Amino acid sequence: MKILVVSPCSATQKHGKLPNKLIPEDFRSTNRLLSRIKELSDYKTAAAEMYQGKEHKLLLEGIKGVRRHSQYGETTIGWHIISTGFGLIDENFEIVPYNVTNKESDILKDSRILKEDINEIINNFDTVFFLLGKEYVRALELLECPLRVTGSAVQIFVTYKRNKGYSSLIPDNIPNCSVAEINADEIKSGYTAKGVLFKRLCEIACRDGFQVFEDVKNDPQRLIEIVLQDK
């Protein structure tokens, strides 16, 4: 079984006090971007390690735990991150520090390339966990054109119940696409609930066997149940 996690970047990064981080204008010219990246080459870091947000760190811990497990191999986890500057990037892709908010991000304003990039990889996996914030889901414009799934990949969008209109941004009439809604109070983790949820799922799978991932793939609504029962 091949699992993919798609998560957002975080504003908190390594080298956070660096005064000359990339800014939105740097991403609008290929030559300028390459020049600025060269200036910051000493600070290049793999995306998985660059971001320092609490939720990102929880995902990193959960994924690393699964990869250390003796069952890892037949079941694998890939991880892609939606960067407000660089777009959809693999966890191992090296980036330099940047400062681009969601509101400033050209990636989120015009997500055609982002969506095409997701379409290119999604069918390489059996189960895809989208652990995204509302702005990222809205940018994908799924209601206008759902992701292009040609195989049997199961898409699981994890959202918050308290965010009105969040679930309504995700189609409810296409095959193999489910929404798992978290009550953050039940998870007791506030805005890091998606990270806590997935880390706990990884921990349960490491303890009880990777069949847990198959159980969630077969019935995505069990995701919340499995995690909450284990509290």
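This is a predicted model: local features need pLDDT of at least 70, side-chain atom pairs count only at pLDDT 80 or more; totals for chains, interfaces and linings use all residues.
Which residues does Ser-178 touch, apart from its neighbours within four places in sequence? Its contacts are Gln-155, Ile-156, Phe-157, Pro-220 and Gln-221.

## The sheet

Strand S8 is part of an open sheet of six strands, arranged in the order S4-S3-S1-S6-S7-S8 with mixed pairing. The edges are formed by S4 (87-90) and S8. Each of these two has a single partner strand, so one of its sides has no neighbour in the sheet. From one strand to the next, the twist averages 25 degrees.

Strands of a sheet pair through backbone hydrogen bonds, and the pairing is either parallel or antiparallel. Here, S1 and S6 (residues 127-130) run parallel and are joined by four bridges. Within this pair, Leu-4 stands opposite Val-128 in S6.

## A helix across the strands

Helix H10, made of residues 222-229, lies across S6, S7 (154-160) and S8. The helix runs at about 35 degrees to S8.

## Pro-19 in a loop

Pro-19 is found in the loop between strand S1 (2-8) and helix H1 (30-39). Is Pro-19 buried or exposed? Its relative accessible area is 78%. The cut-off for exposed is over 50%, so Pro-19 is exposed.

Pro-19 and Pro-97 are 78 residues apart along the chain, and their C-alpha atoms are separated by 10.0 Å.

Methods. Residues are numbered from 1 along each chain as its sequence is written. Side-chain values use heavy atoms; hydrogens and water are left out. Buried means under 20% relative accessible area, exposed over 50%, partly exposed in between (1.4 Å probe, protein chains only). Contact means heavy atoms within 4.5 Å. Two strands pair if DSSP finds at least two bridges between them. Axes are lines fitted to C-alpha atoms, for helices over the stretch in contact, and angles run from 0 to 180 degrees between N-to-C directions.
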